Amino acid sequence: MTDRKYTSILIALLIGITSCAQEKVQDPIRLNQIGFYPNASKVAVVITDTVSSFYISTPDLKNKVFLGTLGEVRSSTFSSKKTRIADFSKFTKDGTYVLVVPGIGQSYSFEIKNKVHDEVAKASIKSFYFQRVSTSLSEQYAGKWKRKAGHPDNNVVIHPSAISAKRPEGFSISSPRGWYDAGDYNKYIVNSGITMGTMLSAYEDFPIYFNELNLNIPESKNDVPDLLDEVLWNLRWMLTMQDPDDGGVYHKCTNAKFDGMVMPDFTKLPRYAVQKGTAATLDFAAVTALASRVYRKYDKQFPGLADSCLRASVLAWQWTVKNPDVEYNQRAINKQFDPDITTGAYGDSDFKDEFSWAATELYLTTKDDAYYQSLLTFGASTITLPSWNNVRALGQYSLLRFNKSLTPLALKDDAERKKNLLSMVDVWMNGLNQNIYQTAMGQSKKDFVWGSNGVCANQGIALMYAYQVSDDQKYLDAAIGNLDYMLGRNGTGYSFVTGSGDKTPMHPHHRPSEADGIVDPIPGLLAGGSNPGMQDKCSYSSSVADEAYSDTSCSYASNEIAINWNAPLVYLVSAIEATQIKHQKAQ
Ligand code: 9MR
Ligand code: 9MR
């Protein structure tokens with residue numbers, strides 16, 4: 001070995017040792033990479049247990065505009081991480097800034113202004129347009145992500161698990177449109193249920209905000225709010241999934257097995273409508289009852305739609321009363337029928353929450369006490385955090401929304417309902433100051449499931465309802481805190497929304513983003529988020545609960561996008577924007 005070679009190996013070794021000894025934290029300053037409202041709370045998290053001062057500066061570092069002291073040291077419950085909070089809520093001046101912590105570094109730049117999340121709100125809704133099935137996306141609306149049409153779904157075979165007298169073996173139906181569920185190309189009624197419920201609730205809660213929102217989609221020029229035009233794309237698909245002969249709803253419209261990482265127009269595998277199930281049929285009943293209320297105002301634009309939705313809802317409800325216990329159990333189905341179906345299962349064997357939600361929406365749309373009466377057997381005012389397999393709270397939120405127009409039977413539970421909501425969110429409020437990121441999100445390891453960002457967004461929604469019913473500002477601040485979490489104030493340092501922020505997912509598990517040959521992923525999509533379950537067995541740089549995230553297309557367990565977590569992001573960011581605009585106008 002030559003001396004020179006020997007020396008360079010030695011130097012390399014030394015560098016290796018020193019860099020190991022003082023392992024540098026990536027992005028030691030974590031904050032919402034988009035920004036803050038002038039008159040709302042402003043919090044960043046600094047990963048340190050030593051330094052204690054910070055300042056806000058113009059991005060060129062020439063002007064210090066605010067000096068502050070970091071809060072006391074907090075310790076993570078999941079790792080040895082220690083943090084201190086930089087609170088600069090008192091600084092209210094519009095502009096673009098960075099946060100500097102001497103000895104540590106500086107943050108990504110962020111803005112302080114009104115409507116600071118306007119772009120994120122629009123992008124998060126527009127992402128549903130990019131998920132549209134059975135249509136091409138033209139440059140006018142999709143920009144560089146224009147693409148050919150995929151999955152016409154005009155010849156969907158009734159799977160042997162789903163045949164009936166009038167739809168025997170070999171029968172096929174037309175089931176076009178809808179949104180792709182996630183990074184895959186299938187359409188699942190159960191997951192569409194919570195997604196549609198969340199989107200339509202957003203509209204019912206903030207109609208003025210959405211009436212003014214322009215998304216630049218093909219329907220933007222009609223006189224219907226763009227959000228409702230977009231939702232209609234999926235509603236029309238859902239309606240095709242009901243068997244008109246008995247009212248039952250097929251669980252999903254799917255390939256037998258997942259497609260490869262290809263563009264949607266590339267895949268030509270046969271599509272199936274599989275077994276009808278109680279969960280799917282109840283979710284369908286809830287969505288169509290709710291849709292009937294919302295689209296009633298647009299009878300002129302969509303003649304008959306509201307009536308068809310309500311008819312479909314009642315028919316679905318009647319099917320579930322006769323079939324209260326039909327589980328979609330993919331393993332059992334595959335033992336009995338061919339071909340085997342190995343795409344997403346969305347299996348659920350507890351239907352109480354679905355019954356509760358469907359009964360509630362039917363009650364609110366028809367004001368027929370009989371529906372509310374049936375709800376009483378399922379816990380009339382129980383509230384738990386929504387997820388695709390637990391939709392009870394969606395009904396409770398609707399009851400809170402309309403508490404001025406309830407019949408006496410439902411009104412008597414109103415106080416209890418509010419109390420239950422507040423007790424759920426107060427658990428998080430009480431834990432805020434122990435959490436190293438000072439968020440409702442992430443106080444419990446249980447938050448970090450597959451799609452943890454959906455948990456975060458749903459907590460944010462619950463906090464927004466708590467704010468509505470109590471008028472207590474602290475809930476609004478905490479809701480914004482959970483939005484801050486998704487936009488960068490978290491264990492990974494990522495803003496989890498594609499295209500929003502400086503450090504964002506570049507390789508989501510999303511077939512079009514992966515296969516289109518364009519560097520930037522499709523914008524406005526929320527990655528699943530930290531998930532120490534790591535079921536995909538991909539490469540992760542940390543297995544700590546709030547850090548187990550992998551920005552690789554391999555990682556469907558932490559980096560897939562999905563409509564059921566994008567929808568609560570839409571709700572939360574829009575609700576916050578709408579509320580801030582209202583405050584501004586009141587000032
Ligand atoms: O792409 C699929 C994704 O949508 C699902 O969430 C995930 C879990 O069901 O599965 C993904 O598909 C993978 C399959 O399960 C195994 N082979 C590789 C597929 C693509 O990564
Ligand atoms: O969100 C679903 C998660 O709760 C499950 O644990 C996981 C495995 O069954 O599936 C997730 O849903 C995926 C679905 O099965 C297929 N499309 C992509 C969804 C998001 O990863």
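Me: What is 2.7 Å from an oxygen atom of ligand 1?
Reply: In this predicted model, an N or O atom in the side chain of Glu560 is 2.7 Å from an oxygen atom of ligand 1, where a polar contact is a pair of N or O atoms within 3.5 Å; within protein, one must be able to donate a hydrogen and the other to accept it, and residues adjacent in sequence count only if both atoms are side-chain atoms.

Me: And how much of ligand 1 does the protein bury?
Reply: The protein buries 60% of the 450 Å² that ligand 1 exposes when taken alone, with accessible areas from the Shrake-Rupley method and a 1.4 Å probe.

Me: Which residues surround ligand 1?
Reply: They are Asp184, Phe258, Trp450, His509, Arg511, Tyr556 and Glu560, counting a residue as near if one of its heavy atoms lies within 4 Å. For His509, a side-chain N or O atom is 2.6 Å from an oxygen atom of the ligand, and for Arg511 a polar side-chain atom lies 2.8 Å from an oxygen atom of ligand 1.

Me: What about ligand 2, which side chains have an N or O atom 3.0 Å from one of its atoms?
Reply: Asp181 has a side-chain N or O atom 3.0 Å from a nitrogen atom of ligand 2, while Glu560 has one 3.0 Å from an oxygen atom of ligand 2. The protein covers 76% of the 450 Å² of accessible area that ligand 2 has on its own.

Me: How does the shell around ligand 2 split by class?
Reply: There are six nonpolar, one polar and three charged residues in that shell, where Ala, Val, Leu, Ile, Met, Phe, Trp, Tyr, Cys and Pro count as nonpolar, Asp, Glu, Lys and Arg as charged, and the others, Gly among them, as polar.

Me: Changing topic, what is the overall size?
Reply: The C-alpha atoms fill a box of roughly 85 × 65 × 45 Å along the principal axes. With 587 residues, a compact globule would have a radius of gyration near 25 Å, and the protein's 25 Å agrees with that; the radius is taken over C-alpha atoms, and the globule rule is 2.2 Å times the number of residues to the power 0.38.

Me: Which conventions should I keep in mind?
Reply: Residues are numbered from 1 along each chain as its sequence is written, and chains are lettered from A and ligands numbered from 1 in the order in which they are written. Local features need pLDDT of at least 70, side-chain atom pairs count only at pLDDT 80 or more, totals for chains, interfaces and linings use all residues, and side-chain values use heavy atoms, with hydrogens and water left out.
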